[in-house]
Amino acid sequence: MSTVGKAGLEDVVVSTSDICFIDGREGRLLYRGFDIDDLVEQSSFEEVVFLLWQGHLPTRKELDAHVKAIRATANRKLPPKMIAILRALPRKTTPMEVVRTGVSALSAFDPDAADNSRDASIRKAMRVTAQLPTLVAAWERIRRGKAPIAPNPKLSTAANFLYMMTGKKPTPLAEQTFDVALTLHADHEFNASTFAARVTAATLSDLHSAIVAAIGALKGPLHGGANEQVMLMVEKIGSPERAESFIKKALAEKARIMGFGHRVYRVEDPRAKHLRRLASELGQQVGDMSAVRILDTVGREVTAEKKIYPNVDLYSGAAYAAMGIPTDQFTPIFAMSRVAGWIAHVLEQHANNRLIRPRSEYTGPTRATYVPIEQR
Ligand code: ACO
């Protein structure tokens, strides 16, 4: 009799972890015990990064030192040779390919690259978390034939990224929205990309390698790539009036609707409501609510017909689009935030490591006879 569990490791508990808790029935998400609803209201992405890595909320002194480090130009800037590598890439290279290639190349410039001690890993963690927004924004500028904009150490991670993308300091609402989006995406237990990072770290490979593995997993449309697909669907639908018939037809054709469903949540993803509110506030500010209206109708139809609920990816793209961010940059933005969680998991894995090496149940032949090539 087969000993294989449900496909896709569904419901398999692989390890203990102190970092993140998801209650899929109640629709709750906790980082280190703190409800994301409270963190969204009272904290910031930069503080959440500290919380995830260190396991507790910082004192004022700890937070000041952490924020100073994460905003420091020394940590945020890309080595000039890294910019040269970006310039050498074909213009058509997708932003996620650039992020994957970029993080891999950045390890070659990192003085602690191969050192897996906790102190060295925290130094690398600070650099790679600070560099990722610079990398994403630099590629946006380079592919448009413009010069990258240097990071501004006076600006928060959220404001600095929007500044480096557009050359303009963001409005307070755009900064706050972006900060909340980063906070909401920062960790999510043993999701596919985090598991990929942990498997890689468990071979005692280094932090950059674990992050590159995670980026590869995040790129897929069943995971982080879904937010991009949602916006492409919104563009295809075109106007709120067309949303209902579009979705009815898509569901009748058994299409998978991106931004819905989840392996763990049986109710609405607790992150979706925050992103809907922010997308709607930004839409009002820029005077274009059509994406939010389309998504509201899509949401009603999909939930009524299929009993599946919006996930984090449904409204995030509408918020980013209202800030003028191109669709193919949505998943890199996800990576800029989730890197905080990947790092927390690599630190936890390295602190109490055992190689992750599951088994498969072999279903192939067992007594195949080798036939010489001339006789096949
Ligand atoms: N649209 C239509 N039907 C769906 C969807 C969807 N988005 N999600 C699940 N279903 C249906 C499936 O067709 C299947 O129905 P069936 O039993 O009649 O065949 C049933 O629900 C179960 O689906 P599975 O794919 O087996 O569920 P699983 O837990 O493996 O999938 C996943 C989870 C991959 C997230 C899925 O819901 C999906 O593909 N969603 C769309 C992509 C997406 O939004 N991904 C982002 C997830 S959040 C994140 O990673 C950040």
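View 1. Beyond its neighbours within four places in sequence, His274 contacts Asp37, Val40 and Leu184 (contact means heavy atoms within 4.5 Å). Tyr315 is 41 residues from His274 in sequence, and their C-alpha atoms are 8.9 Å apart.

**View 2. The largest nonpolar core.** This core comprises 106 residues (buried Ala, Val, Leu, Ile, Met, Phe, Trp, Tyr and Cys residues joined through side-chain atoms within 4.5 Å). Helix H17, residues 330-351, contributes the most, with twelve residues. At least three residues come from each of domain 1 (20-221 + 328-351) and domain 2 (226-322), the bounds being taken from an automatic or database domain assignment.

**View 3. Contacts of Ile325.** Ile325 is among the residues with the most contacts inside the largest nonpolar core. Leaving out residues up to four places away in sequence, Ile325 touches Phe161, Leu162, Met165, Phe178, Tyr320, Phe330 and Ile333.

**Notes.** Residues are numbered from 1 along each chain as its sequence is written, and side-chain values use heavy atoms, without hydrogens or water. In this predicted model, local features need pLDDT of at least 70 and side-chain atom pairs count only at pLDDT 80 or more, whereas totals for chains, interfaces and linings use all residues.

Terms used. Buried means under 20% relative accessible area, exposed over 50%, partly exposed in between (1.4 Å probe, protein chains only). Helices (H or I, at least four residues) and strands (E, at least two) are DSSP runs, numbered from the N terminus.
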